[in-house]
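Please open the model in a viewer and keep the sequence panel at hand.

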Amino acid sequence: MNYEKLGQDIVSLVGGSDNIVNLTHCMTRLRFRLKDRKQADDEAIKSLEGVVGVIYSGGQYMVVLGKNLLPVFEAISKKYSFSESDDAPVQKEKEPLSVKSVANTVVGFVSASVAPLLPGLIAGGMLKVLLLIITLLNANFETTSTYTLLSGVADAAFYFMPIFIAYGAASRLGATPIYAMAGAAALLHSNYTALVAAGDPVTMFGIPVSLVSYGTTLVPALLIALLAYYVEKLLNQIVPGIFKSIFVGMGTIAITMVFGYTILGPVGSILGNYLSGIFVFLANTVGPIAIGVLAACLPWLVMCGMHTAIAPFMAQSIADPGYDAIFRPAFILHNMAEGGSCFGVALRTKDKTLRAEAFSIGFGCIFAGVTEPAIYGINLPRKQPMFGVMAGGAIGGIIGGLLGVRAYTMGYSTIMALPIFEDTIIAMLIAIIVSIIAAMIVTFILYKEEKAPESIAKRIEDDDLVSIANGTLLDITKVNDETFASKMMGDGIAFQLKEDTIYSPCNGTVMMAFETGHAFGIQRNDGVEFLIHIGIDTVKENGNGFTPYKKQGDSIQAGEPLAKVDRKVLEAKGYDLTTVLIVTDANGKNISFKEEGTVKVCDSILA
C-alpha cells in the first residue's frame with residue numbers, strides 16, 4: 001500500500017491542509033480538528049483503500065485506519081506541518097438552544113479538556129503496574145530511592161491533574177493556555193498548601209478562602225480555565241494596544257485567581273464531591289448492571305466515537321472516591337469480549353485465511369487493547385458476532401460487578417493492566433475469563449458462515465463477457481448516478497437485479513475487492529479491466545447487506561459467485577440497487593454492449 005498517497009488523499013478530502021487545525025492520533029484513528037467540517041467528503045474518504053471508516057464526534061473528525069494508522073500518520077507528518085496548538089478559529093454550525101445542544105457542548109468541552117491528560121494518566125498507571133510487579137519479585141525495591149523517584153514520575157500526571165486539565169480546556173476554548181495553567185498551578189503551590197496544612201482561617205481581600213486540597217481534582221481547573229478565557233477576552237478589548245503585553249496577562253491570572261481561591265475552587269470541589277458521590281452510589285447499588293450495560297453498549301459507542309465522552313468520568317472517579325468501579329472495568333471487559341467473539345468466528349469458520357486473521361485480531365484485542373480491526377474487520381460485517389460481543393461484555397460486567405472489581409489507577413484497556421485492580425485483581429481476572437468465554441460461545445453458536453452459491457460457470461472464451469446477474473439490461477446513460485451515466489469512469493452496462501447473487505462476467509483475476517462487498521475490480525485474462533458496482537451509494541452501509549465471496553488476488557471464472565446482496569434490507573432503506581459493469585481499461589480492445597433485454601447469468605452481453 002502507498003501510505004504517502006493515502007495520507008495525501010485523506011488530507012485533500014478533509015478540505016486540504018488549510019482546513020486542518022491540528023492532527024493527532026490514537027491506536028487506530030487519525031483525529032483531525034477542522035476549521036469547517038462541511039468541507040470533508042465522508043464518502044470519498046470511506047472509499048479509499050485502507051480506510052475502515054469515518055466518525056465525527058466531540059468536535060473531532062476521525063478517520064479509522066486500523067493497522068495502517070502509524071504509517072499513514074508518519075507519511076502525513078513528513079509532508080505537512082500542523083500546529084500542535086488547538087486555538088485556530090473553527091467554524092461551528094449553530095444549533096438551536098436546547099437541552100441536547102447544551103449537553104453536547106458541555107460533554108464536548110469536558111472531553112476535549114481531559115483528552116491531553118489521558119495518555120499521561122495511562123502511562124503513569126502502567127508504570128505503577130511495572131513498579132508493583134518488580135516489588136512483588138523483590139520486596140526490598142520499595143525502600144530504594146529508585147522506587148521513590150519512579151513512583152513520583154508515575155503519580156505526577158495524576159497529582160498535577162489540574163494543570164493539564166487547564167491546558168486542555170484553554171486549548172479547546174482558544175485561550176492562551178499558560179494563563180489557565182498558572183491559575184491551576186497556584187492551587188498546588190506550596191504557599192497555598194502550607195495554609196491548608198496549618199488550618200488557620202484565611203481571607204483574600206476580606207473574603208474567606210476555603211482551605212481545600214486541589215491535587216488530583218478536575219472540576220476546579222475547568223472553571224478556572226473558563227473564567228481565564230473570558231477575562232483575557234475582556235482585557236484584550238479594553239486595554240490599549242501598547243499596554244496589552246503588560247496588563248492582559250497580569251490581569252488575567254490575578255482576577256481569575258481571586259475568584260479561583262474564593263469561589264471557583266470551592267464550588268468545583270463541591271461539584272466534584274457530588275460527582276464522586278454519584279459514582280459511589282452507582283457502584284454500591286446498580287454497579288453490576290451498570291458495568292454490564294456499558295460493556296454491552298461499548299462496541300456501538302466506539303463506532304460512533306462517543307466512548308471518548310466517558311473519559312472525564314474515569315479520571316474523576318480515580319481522583320475521588322479513589323477507585324473506578326464502573327468505567328475502566330467495562331472498557332476492559334468490552335475489549336475482552338471483542339477478542340472472544342473473534343475466537344468464536346475463528347473456531348467456526350472453514351476459511352483458513354479468516355481463521356488466522358480472526359485469531360490474530362482477537363489476541364490484539366486482549367493483549368494490545370485495540371478493537372477497531374475486530375469491530376470493522378471481523379464482527380460487524382458478519383453481524384452475528386456482534387451479539388456475542390454484547391453478551392460477553394454484559395455477562396462479564398455483571399460477574400465483575402457482583403465480585404466488586406475496582407480499578408485504583410488509570411491503565412490501558414488490556415489484560416496487561418490487571419494489576420491496577422490491586423486487591424480485586426482475582427475478581428477482575430474471573431470477569432475477563434467469563435467475558436472471553438461467553439463471547440466466544442455465543443458467537444460460535446450464532447455465527448453461520450455464508451456459503452457461496454454453486455458456480456454455474458460455463459466454458460467461455462477469455463475475450464467473452466457475460467451477464468453478472470439474472471435481471472434486465474439498462475443503458476448505462478439511464479443510471480441514476482451522474483458518474484456512471486456520464487461514462488466518466490468508462491463505458492458499460494447496467495443491470496436491474498431479479499435475484500440476490502452477483503457473478504463474475506469473465507475469466508480472470510479479482511484485482512480489487514472492497515471490504516464492504518459492494519464493489520469489485522476484475523482483470524480479464526486478456527488484460528481488459530472491469531469494475532462491478534452493486535447499487536447506488538451503497539458504500540454508506542459499510543458492508544451491511546453484502547456478503548462477499550471473493551477477495552483480492554483470487555482467480556475467477558465466468559459464472560462464479562462474487563457476492564450476495566440482501567435486496568430486501570437495502571431496498572427497504574431506499575437504496576437503488578441498479579448494478580453497473582464498467583470497462584475501466586479496454587486494453588486496446590473495442591467493446592460494445594447490448595442495450596436492452598432480459599438476461600440470465602452467463603448469457604453473453606456483447607453486441
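Select β7 and β17, which form an antiparallel pair over 2 bridges. Within this pair, T472 has T598 of β17 as its bridge partner. The model is a predicted one, and its confidence values are taken up at a later stop.

Now extend the selection to the whole sheet. It is open and has 8 strands, in the order β14-β10-β11-β12-β16-β8-β7-β17, with antiparallel pairing. Which strands stand at the edges? They are β14 (555–556) and β17 (598–599); each has a single partner strand, so one side of each lacks a neighbour in the sheet.

Further along the order, select β11 (residues 519–524) together with β12. This antiparallel pair is held over 5 bridges, and I522 has F530 in β12 as its bridge partner. With side chains displayed, a general rule may be kept in mind: in a regular strand they alternate between the two faces of the sheet.

Most residues other than glycine have a negative phi. The next two selections depart from that pattern.

Select D537, in the loop between β12 (529–534) and β13 (546–548). Its phi is near 65 degrees, a positive value in a residue other than glycine. D537 is partly exposed, at 40% relative accessibility.

Then move to F205, in the loop between β5 (203–204) and β6 (207–208). F205 is not a glycine, yet its phi is positive, at about 55 degrees. Is this phenylalanine buried or exposed? F205 is exposed, since its relative accessible area of 73% lies over the 50% cut-off.

## A buried aspartate

Select D554, which is placed in the loop between β13 and β14. With a relative accessible area of 18%, D554 counts as buried, because the limit is 20%. What does its side chain reach? The side chain of D554 comes to 3.0 Å from the backbone nitrogen of K551. Display also G508, T509 and V510, with which D554 is in contact when its neighbours within four places in sequence are left aside.

## An enclosed helix

Select helix α13 (residues 311–319). Of its 9 residues, 8 are buried, so the helix is largely enclosed by the rest of the structure. The buried residues are A311, P312, M314, A315, Q316, S317, I318 and A319.

## The cysteines

How many disulfides does the structure hold? The number is 0. Select C365 and C342 to examine one case: the closest cysteine sulfur to that of C365 is in C342, at 4.9 Å, which is too far for a bond because a disulfide requires sulfur atoms within 2.5 Å. C365 itself is buried, at 0% relative accessibility.

Then select C602, which is in no disulfide; the nearest cysteine sulfur, that of C506, is 11 Å away. C602 is likewise counted as buried, at 8% relative accessibility.

## Colour by confidence

Colour the chain by pLDDT. Its mean is 86, and 93% of the residues reach 70 or more. Confidence is highest in helix α18 (residues 425–446), at a mean of 96, and lowest in helix α4 (residues 99–114), at 75.

Next select residues 84–93, where pLDDT stays under 50; the model has 21 contacts beyond four places in sequence for this segment. Where pLDDT is low, the predicted coordinates should not be read in detail.

## The whole chain

Buried residues make up 49% of the 607 residues. Among contacts with a separation of 6 or more, 73% are between residues 24 or more positions apart. With the surface displayed, the accessible area comes to about 28100 Å², of which 60% belongs to carbon and sulfur atoms.

Key. Residues are numbered from 1 along each chain as its sequence is written. This is a predicted model: local features need pLDDT of at least 70, side-chain atom pairs count only at pLDDT 80 or more; totals for chains, interfaces and linings use all residues. Side-chain values use heavy atoms; hydrogens and water are left out. Helices (H or I, at least four residues) and strands (E, at least two) are DSSP runs, numbered from the N terminus. Buried means under 20% relative accessible area, exposed over 50%, partly exposed in between (1.4 Å probe, protein chains only). Two strands pair if DSSP finds at least two bridges between them. pLDDT is the predictor's confidence in each residue, from 0 to 100. Contact means heavy atoms within 4.5 Å. A polar contact is a pair of N or O atoms within 3.5 Å; within protein, one must be able to donate a hydrogen and the other to accept it, and residues adjacent in sequence count only if both atoms are side-chain atoms. Accessible areas come from the Shrake-Rupley method with a 1.4 Å probe; for residues, only the protein chains shown count as cover.
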